[in-house]
Amino acid sequence: MDHIPYADLPDPGVLNLDRALQLLRQTGQELPQGLPGSGAWLQSLVDKLCDLSSRDALTGLANRRTFESALNREIDRVARSGEPALLLYLDIDHFKRVNDSHGHSCGDAVIKAVAQAIGESVRPMDLAARIGGEEFAIILPNCPPAFGQTVAERVRLRIESRAIDVGPSQRLGVTVSIGGAFAPQWVRSSASLWAERADLQLYRAKSEGRNRTCLEPTPVSLVSAEEKGLLFGSSPSGDIA
C-alpha cells in the first residue's frame, strides 16, 4: 500500500471536506475524532469513507464490488493453500409479489430483515454481501464439505422462521432458495467459474420448488477446459502460468 507523507498533502484548510462529512452524517456514521484537519483526523475520515463505499446502503452488508474483490482473493487462496471454501448464492422467493402486493417500502423492509438474518448466521471470518435487488451471496472460507449443507440450511431456516414487521399489526414471512459450490482445491480456477457453479445450484433449487438448499453433491474434482488453460497456458511474459 502506498503511503503519502502528511507533508505532501494539501493544506487541510484548502480541502473541501463538507460533502464528505455530510455523507457520514446522512448515513448515520460517527464523525472522525480528534483535531479537525490533523493527520490522524484525515486518516480516520478516509477510513470511514472507504468502509462506507464497500457496503450496501440498504442492508449494511458488503456490496457487489467488495464481494467480487473478495471472491477473487478467496479463489486464489484456495488454489495456493488447498483449504476448502464454500460460495452460497441466495435469492428471496417470489420477491416481486411482495413489492406488488405491499409496496417497495415493504420490499425494503424484507431485504433488510433477510440481510440481518444472514449476518446472524455466519462467522466473523465469512463475507456476506447483497449483490442485486433480492440477491445475496456468502463466501465461507475454511468450510469443509461435511459442514456445507448444515451451514446453508442454518441460513435458510433462520430466514424462514423470521416474522418481518411491514406495517401496523402486519407481519410477513419469506423464504429463500440457496445454491452453493465449493472452490476447486489446488486448482488455478477463476472467480467467474466458481460463481457459475454456485449459480447453477441456485437455479436447481428454484426449479425444484424453492425454499430449499442445493449444493454440488461433492466438491468439483474435474478440471474444466478453461481451468486447464489457466493452469497450463502461457503468461504474457512467456512464463508458464
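**Reading contacts and cores in a predicted model**

Analyst: In this predicted model, the side chains of threonine 59 and aspartate 56 are joined by a polar contact of 2.7 Å.

User: Where does threonine 59 lie?

Analyst: Threonine 59 belongs to the loop between α2 (39-53) and α3 (64-81). Its side chain also reaches the backbone nitrogen of leucine 61, at 3.2 Å.

User: Is threonine 59 buried or exposed, and how is such a label read?

Analyst: Buried means a relative accessible area under 20%. Threonine 59 has 19%, so it counts as buried.

User: Which residues does threonine 59 touch, leaving aside those up to four places away in sequence?

Analyst: With those left aside, threonine 59 touches Ile111, Lys112, Ala115 and Arg130.

User: Which residues touch the most other members of the largest nonpolar core?

Analyst: A nonpolar core joins buried residues through side-chain atoms within 4.5 Å. The largest one here has 33 residues, and Leu90 and Val110 touch the most other members. Elements that each supply at least two residues of this core include β1 (85-92), α5 (104-121) and β6 (176-182). The largest share, eight residues, comes from α5.

User: What does valine 110 touch, not counting residues up to four places away in sequence?

Analyst: On that count, valine 110 touches Ile92, Phe95, Val98, Ile164, Leu172 and Val174.

How values were computed
Residues are numbered from 1 along each chain as its sequence is written. This is a predicted model: local features need pLDDT of at least 70, side-chain atom pairs count only at pLDDT 80 or more; totals for chains, interfaces and linings use all residues. Side-chain values use heavy atoms; hydrogens and water are left out. Buried means under 20% relative accessible area, exposed over 50%, partly exposed in between (1.4 Å probe, protein chains only). Helices (H or I, at least four residues) and strands (E, at least two) are DSSP runs, numbered from the N terminus. Contact means heavy atoms within 4.5 Å. A polar contact is a pair of N or O atoms within 3.5 Å; within protein, one must be able to donate a hydrogen and the other to accept it, and residues adjacent in sequence count only if both atoms are side-chain atoms.
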